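Colleague: I would like to go through a model feature by feature. Please give the general idea each time, then the case at hand.

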Amino acid sequence: MINKRDKNRQNKEACPLPERDKKADPRGSSHAKRIDLPVTGMSCAACSARVQKSLSGLKGVKSAMVNLAAERATVFYDPEESSVDDVVSHIKDLGYGVSVSKVTIPIKGMTCAACVKRVQDALQSLDGVLNATVNLATEKATVEYSPAQAGMRDFKNAIKGTGYDIVEFKQGEDIVEKEKRERETAYKKLRSRVIIGASLTVPVFLLVFWDRLGLNLILSIPMQTNFFLQFLIQTPVQFWAGWQFYTGAISAARHRTTNMNTLIAVGTSAAYMYSVTATFIPSIFEIKGYSAHVYFDTAATIIVLILLGRLFEAQAKGKTSEAIKKLAGLQSKTARVVHNGEEKDIPIEEVEIGDIILVRPGDKIPVDGVIRQGYSSVDESMISGESIPVEKKTGDEVIGATINKTGSFKFEATKIGRDTMLSQIIHMVQEAQGSKPPIARLADKIASVFVPAVMVIATLTFMIWFIFGPAPSFTYAILNFIAVMIIACPCALGLATPTSIMVGTGKGAEQGILIRGAEALETLHKVTSIVFDKTGTLTKGKPVVTDIIGLNGNADEVLFFAASAEKGSEHPLGEAIVNKAKDESIRLTDPVDFSAFPGHGITAGVDGKTVYLGNLNFLKDQNVDISNLSQVAGEMSGQGKTPMYVAVDGQAAGLIAVADTLKENSAQAVTALRKSGIETVMITGDNRRTADAIGKQVGIDRVLSEVLPEDKAAAVKKFQSEGRIVAMVGDGINDAPALAQADVGIAIGTGTDVAMEASDVTLIRGDLKGVVESIALSKATIRNIKQNLFWAFAYNTVLIPVAAGLLFPFFGILLNPMFAAAAMGMSSVTVVLNALRLRSFQYTI
């Protein structure tokens, strides 16, 4: 993850390059590539010199130049010895950042894993591209790049250069809608080809079985005439319905590569050309001692079945992105803006920051903002998961796409467009769905050599059957050649991982778990230790009154004096006492002669009496005897609570205990994690006594107390050095370094933007059950991916030898190419359907 840091810089000056770098010829090596990286965090010449010197010593780096004024590092490196990732990681390890741009490009025409590999390699080879990921299921490429070296034009040219196209859209046009329309158009065209192709294939089959069906009794058709009729009917299927296979194969051939279209085009063309020859020049085969048969039905059936498989696949892939559609559907289309006292409904796209928007009962709140007038209750279940509406008043924040229930209010728009919470959620889910986990790299490597290997196997199959096969050996050779070519299409291989990732991350979003990338999704199920921040993560982050002790048995009187004394206080402990009194409907009076002693306590006049409220030392300084409360106070301190003594007119009146209490499901979540074998750790700046008390309440394995905010990341690093895979759960700005350091950073959605930016997973609802659910979801998704990869590999491993005729010498079994086509089509559909099972994922603690 690359963090962008904003800062003011003064007295910028370029750092002079060392003499050896000026003289170095970075192009001295024919393999050297150049990358320009924007570096953040450099503040002086010493910084730039440090980065330059360190990069120059990196293995594989031929030359490095760092310019402080331009805040840019120019590196020439040997891609065989080093990579852009190595350079970026090295800069980040030095304590600086690398600022890059990211773009997602919808691509048309990809059909298999080989297509994905070719496009990905083309994008990755561009100068300035740090990382390129191509996803077959989403049909998108995600590119991280340095804008100083590469741009959209380069990406378009690279993609088109490999024989594929991109979804073009005009300025201001909704690319999601455009992409949806393109998919719908492609689906309708494909459906038409399937229907017409199938309609033409049926009469071909009738002609093949004309005599067996007894139709010759109605109309006798000579064999060669029958063949000719099959030729006339099947040719449109071959070159109209199946034309996309030819265009794909030709495009691949131009770039000296192959893909699944190559296999289908060559296989069906072999059957077609063999049949055409047998139809128009039958004497060629008669010389061999047998009369030729035609296989127009085989070629037609293969094309129709593969197209049918793609049709089912397209339909199923549409369902994998349902989570995005549901989220997008939550967005309001219009907003009622108040301008100069007039109300006007405008499209959501025209809302600007600072606009005052009126929301009535039952309306969806259009964008994020702050209430300026009125009050209401708002259904925030889409964010929090809580069905109970949240009361809102002037000054409270509201979130776009949530539903206003009762009153009307006016609010000021503070976040619009892509900056709203809903848009950020959609963006995060899309990014996660477009990413690849490390487990996918195996499929990518195999895809790069798969098609050429299959063509070699098919050619060897043809030669062996032609030379050693029984008569008619040429017919056996051509049919087995076709069967191998058709059975081995790597569609299932290309879909095995991305479909599961799409459904898994989409399901997570539905449950309030936002996973930034597939790598985090894979790492989650391997986590061995989870480190929890205490305040705001395990606890509510807000002190509340837990106990009230009255020496005379009158707890309400103690609360009255304490709360009245603290009335108007901005101190968190004082606010907690006042809030408790309000909850108990105790009527308070205004204090007089209020005095505060920071870190100790307060004194105030309430109803003509002097009230003292504070810690042990403060009451002793006021010469108040509190010996009767010492034992109870000690017990409360042992439970992690803060006891505050109350005295009225110099006499001890009672005790009030305040504590940052545990969130409802904290203990339940920790127990579930421990049961699953994961070590739980709590990290806090609190003193050991308080920390141990909280740790005991929640059932944590290890407690790290008195840890300064800047030392949290070091604590995580120490766990990692012990061989643990660590997840960090936090919510505050001071948790960000630790979240970034952890193998998986999990941010509480109710926390700060900084924490969420540094994390890999965000729990929107702020409920720690989400930690347990995210790990369970990770396990389910990775299990699903492994199932898909197993079936994709097993399918090809088992059926390619069968298609080659391995069983024929022993059992006389050959695989009909038509059945090969059906099996190939079903393999892709099976993989997608298996991934869709994740939609039913449910986990309860």
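The dialogue below takes up confidence, salt bridges, a surface patch and backbone angles.

Colleague: What should I know about the model before reading local features?

Modeller: This is a predicted model, in which local features need pLDDT of at least 70, side-chain atom pairs count only at pLDDT 80 or more, and totals for chains, interfaces and linings use all residues. Residues are numbered from 1 along each chain as its sequence is written, and side-chain values use heavy atoms, with hydrogens and water left out.

Colleague: What pLDDT does the chain average?

Modeller: pLDDT is the predictor's confidence in each residue, from 0 to 100. The chain average is 80, and 85% of the residues score at least 70. Residues 1–30 have a pLDDT below 50; beyond near neighbours in sequence, this stretch has 54 contacts in the model (heavy atoms within 4.5 Å). Where pLDDT is low, the predicted coordinates should not be read in detail.

Colleague: How many salt bridges are there?

Modeller: A salt bridge is a side-chain nitrogen of Lys or Arg within 4 Å of a carboxyl oxygen of Asp or Glu. The count by this rule is 22. One of them joins the side chains of Asp660 and Lys534, at 3.9 Å from N to O. This pair links distant parts of the chain, 126 residues apart: Asp660 is in strand β25 (residues 651–662) and Lys534 in helix α19 (residues 534–538). Helices (H or I, at least four residues) and strands (E, at least two) are DSSP runs, numbered from the N terminus.

Colleague: Is Lys534 buried or exposed?

Modeller: Buried means under 20% relative accessible area, exposed over 50%, and partly exposed in between (1.4 Å probe, protein chains only). Lys534 has 5% relative accessibility, so it counts as buried. Asp660 is buried as well, at 15%.

Colleague: Which residue meets Lys567 in a salt bridge?

Modeller: Asp590 does, with 2.8 Å from N to O. Asp590 lies in the loop between α21 (572–583) and β21 (592–597), and Lys567 in the loop between α20 (555–566) and α21, so the pair ties together parts that are 23 residues apart in sequence. Asp590 is exposed at 55%, while Lys567 is partly exposed at 36%.

Colleague: Where else should I look for charged pairs?

Modeller: Glu584 forms a salt bridge with Lys580, with 3.4 Å between the closest N and O atoms. Glu584 is partly exposed at 40%, and Lys580 is partly exposed at 24%. Salt bridges also link Glu679, Arg702, Lys718, Glu722 and Arg724 in a network.

Colleague: Which residues form the nonpolar patch on the surface?

Modeller: Patches are made of residues with over 30% relative accessible area and no salt bridge; like charges are joined within 9 Å, nonpolar side chains (Val, Leu, Ile, Met, Phe, Trp, Tyr) within 5 Å. Accessible areas come from the Shrake-Rupley method with a 1.4 Å probe, and for residues only the protein chains shown count as cover. Here the patch is formed by Val456, Leu460, Met463, Ile464, Phe466, Ile467 and Phe468, together giving about 730 Å² of accessible area. Phe466 sits in helix α15 (residues 440–468) and is partly exposed, with a relative accessible area of 38%.

Colleague: What is phi of Ala401?

Modeller: It is near 85°, a positive value in a residue other than glycine. Ala401 lies in the loop between β15 (397–398) and β16 (403–404) and is buried at 4% relative accessibility. Asp649 also has a positive phi, near 50°. Asp649 is placed in the loop between β24 (642–648) and β25, and it is partly exposed at 45%.
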